[in-house]
Amino acid sequence: MSQAINPKGARKYVAGTRAADWAGDYLGSTLGNKVLVAVTGLSLAAFVIGHLAGNLKMFSGRESINAYAYFLKHDLGVLIWVARAGLLGAFATHVALTIRLKLKTRAARPIGYATQKSAQASVQSKFMLSTGLVILAFTIFHLAHYTFCVIHPVEVNGVLVDYSQLTHKGKHDVYSMVVYGFSTPWISAIYVATQVILFLHLTHGLTSSLHTLGLLGRRFTPVARLAAYGFAGLVLAGNLTIVFAVWGGWLTLPSDVTAL
Ligand code: HEM
């Protein structure tokens, strides 16, 4: 065994301690959990902005977005599965550790403060767990909608098909799929509401991740907040532009939609 019991109760490392022991203890600690939540949160934010950049190809035309989706699915080979596994791992770690930290805080302070916790705490910071769970629910809905295509069958030439059957020039017709999706009011309402929730989650999450990782100290809180609001605002505006472009008739259903 590479560690011994310290008579004072805390764990004491002796010669021969393996890095794995240290890493295990560090990552299991509250500080380690916070660092992991910050790192996975920043990775998910990077995915969200990358995903938005890809989605904006809707404005370059049907063939452009369809070719992009085809490239991701068919030309990247094993890399797409590595990226998906990384994304899933980051998502699961982020959610599990956030819940763990919340439970630890509750257990350490079961009675609660006599007065309201902090007059300064932002609305966002108080609702991080709830907004996070809404984003989790949205992601499950979104995968069922656009990746597994099991939510919303559509009628093409008198036949009811699912989105995965939409095709154009030998490729999946992602363009028509997105237009069909956002032409349906209840679906658009879910997307619009969730983008606002995502904005609130990102503004606080990014500010606090920058602090946790020591990238911007407390002195720079206004800078961190500005960066977080700028980033979250870009994601909100970008994603809503796609939904509103369908509503407003800028992105329209092509006249030659075909299903397999
Ligand atoms: C208006 C906003 C959005 C649009 C138009 C959109 C569109 C799409 C489409 C079309 C796909 C399927 C691509 C394909 O299978 O060919 C997809 C997949 C996905 N989207 Fe979104 N999305 C939006 C927002 C979001 C947000 C906010 C998140 C995260 C919280 C997200 C997470 C994902 C994930 C995880 C996938 C699966 C990626 C994969 O299969 O590798 N999306 N999205």
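My cut-offs: buried means 20 or more other C-beta atoms within 10 Å, exposed means 12 or fewer, and partly exposed is in between, with C-beta atoms placed from the backbone. The model is predicted, so I noted the limits: local features need pLDDT of at least 70, side-chain atom pairs count only at pLDDT 80 or more, and totals for chains, interfaces and linings use all residues. Residues are numbered from 1 along each chain as its sequence is written.

**Entry 1: around Q165**

I placed Q165 in the loop between β4 (159-161) and β5. Helices (H or I, at least four residues) and strands (E, at least two) are DSSP runs, numbered from the N terminus. What does Q165 touch, leaving out residues up to four places away in sequence? I found A259 and L260. Contact here means C-beta atoms, placed from the backbone, within 7 Å. I also looked up P153: Q165 and P153 are 12 residues apart in sequence and 10.0 Å apart in space, C-alpha to C-alpha.

**Entry 2: two positive phi values**

I checked C149 next. Its phi is near 55°, a positive value in a residue other than glycine. C149 sits in the loop between α6 and β3 (154-156). It counts as partly exposed because it has 18 C-beta neighbours inside 10 Å.

Then I went to K169. Phi of K169 is near 50°, also positive in a residue other than glycine. K169 is in the loop between β5 (166-168) and β6 (171-172). Is K169 buried or exposed? K169 counts as exposed because it has 11 C-beta neighbours inside 10 Å.

**Entry 3: the whole protein**

I stepped back for the totals. The protein has 9 helices and 7 strands. Of its 260 residues, 19% are buried. Among contacts with a separation of 6 or more, 70% join residues 24 or more positions apart.

**Entry 4: the cores**

I looked for nonpolar cores. Such a core is a set of buried Ala, Val, Leu, Ile, Met, Phe, Trp, Tyr and Cys residues joined through C-beta atoms within 7 Å. The largest has 15 residues, and M58, V174, Y175, M177, V178 and V179 touch the most other members. Which elements give two or more residues to this core? They are α3 (62-75), α7 (174-182) and α9 (221-247). The largest share, 6 residues, comes from α7.

I followed Y175 further. Leaving aside neighbours within four places in sequence, Y175 is in contact with M58, R62, I65 and N66. Another core lies apart, with 11 residues, among them I135, L202, L206 and A232.

How many of the 9 residues of α7 are buried? I noted 8, so the helix is mostly covered. Among the buried ones are V174, S176, Y180 and G181.

**Entry 5: helices against helices**

Two packed helices are described by the angle between their axes and the distance between the axes. Axes are lines fitted to C-alpha atoms, for helices over the stretch in contact, and angles run from 0 to 180 degrees between N-to-C directions.

I began with α2 (residues 30-55) and α8 (residues 185-212). Their axes come within 9 Å and cross at roughly 130°. That makes α2 oblique to α8. Angles under 35 degrees count as roughly parallel, over 145 as roughly antiparallel, 65 to 115 as roughly perpendicular and the rest as oblique. The crossing of α2 and α8 is left-handed. Left-handed means the near helix is turned anticlockwise from the far one by less than a right angle; clockwise is right-handed. Residues of α2 in this contact include K34, V35 and L42, and they face a set in α8 that includes L202 and L206.

I turned to α6 (residues 128-147) and α8. Their axes come within 9 Å and cross at roughly 135°. That makes α6 oblique to α8. This crossing is left-handed. Among the residues that meet are I135, F138 and F141 in α6, with I197, L198 and H201 in α8.

My last pair was α2 and α9. They pack at an angle of about 35°, with axes 10 Å apart. The crossing of α2 and α9 is left-handed. V48, I49 and L52 are among the α2 residues here, and F231, V235 and I242 are among those of α9.

Conventions. Contact = placed C-beta atoms within 7 Å.
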